[in-house]
Amino acid sequence: MEPALPTLLSLAEVEALARRVHSGQTDKAGRPYAEHLAAVATGVRERGGSDEQIAAAWLHDAVEDGALSEEWLAGAALSEAVKAMILAVTKRAGEPVEEYTARILATPGALLVKEADLAHNADPDRLAVLDAPTRERLTAKYARVRTLLGLSSEP
């Protein structure tokens with residue numbers, strides 16, 4: 001008899017996990033961080049993303065923000081594709097943006113997750129509450145990443 005395949009986390013379980021590990025965190029505008037995660041997951045869904053891409057969207061910042069470790073992710077009840085997408089969109093300290101975007105482009109499914117992330121990050125309503133220098137810096141940063149990813153300059 002072959003061993004049973006491990007049961008993967010459902011989308012509802014992934015969402016609950018993401019909300020739990022990011023609880024108490026806020027975004028640059030002071031909003032609960034879970035709002036950003038929900039917006040990115042919704043953006044992936046609206047762009048026709050798969051359940052794996054939606055799961056990656058819920059957890060796209062978990063490793064980067066230190067909410068979950070790479071070791072935890074390696075053993076998590078997630079598909080290898082979801083794990084790869086999460087790691088692809090995880091920015092590493094001191095990493096050149098060109099390497100970061102090349103990794104996203106080389107990982108199946110990751111581009112859609114990053115596209116939805118950038119779209120929410122560049123939302124004019126979110127940016128409007130930031131001070132002008134921060135708003136201008138982030139707008140330029142997001143535009144550069146979009147260009148390197150081959151996305152239009154508009155979110």
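Helices here are DSSP runs of H or I with at least four residues, and strands are runs of E with at least two, numbered from the N terminus. With that naming, α9 gives the most to the lining of the largest pocket, with 5 residues.

Before I go on, the conditions. This is a predicted model, in which local features need pLDDT of at least 70 and side-chain atom pairs count only at pLDDT 80 or more, while totals for chains, interfaces and linings use all residues. Residues are numbered from 1 along each chain as its sequence is written, and side-chain values use heavy atoms, with hydrogens and water left out.

Now the pocket. A pocket is an open set of points on a 1 Å grid over the protein atoms alone, where a 1.4 Å probe fits, with protein on both sides within 12 Å along at least five of seven lines; lining residues have an atom within 4 Å of a point. Points are joined across faces, edges and corners, and the volume is the space filled by probe spheres set on them. For the largest pocket that volume is about 510 Å³. Its lining has 25 residues, and Lys 28, Glu 64, Asn 121, Lys 141 and Tyr 142 lie nearest the centre. Two or more lining residues come from each of α2 (33-46), α6 (97-106), α7 (110-121), α8 (124-128) and α9 (132-148).

By class, the lining has 11 nonpolar, 3 polar and 11 charged residues. Nonpolar covers Ala, Val, Leu, Ile, Met, Phe, Trp, Tyr, Cys and Pro; charged covers Asp, Glu, Lys and Arg; the others, Gly among them, are polar.

Next, salt bridges, meaning a side-chain nitrogen of Lys or Arg within 4 Å of a carboxyl oxygen of Asp or Glu. The structure holds 9. I will also quote burial: buried is under 20% relative accessible area, exposed is over 50%, and partly exposed is in between, with a 1.4 Å probe and protein chains only.

Arg 19 and Glu 15 pair at 2.9 Å, N to O. They sit 4 residues apart in helix α1 (residues 11-21), so about one helical turn separates them. Arg 19 is partly exposed at 37%, and Glu 15 is partly exposed at 27%.

Arg 47 and Glu 115 meet at 3.9 Å, N to O. This pair links distant parts of the chain, 68 residues apart: Arg 47 is in the loop between α2 and α3 (51-58), and Glu 115 is in helix α7.

Last, Glu 95 bridges to Arg 92 at 3.9 Å, N to O. Glu 95 is buried at 11%, whereas Arg 92 is partly exposed at 35%.
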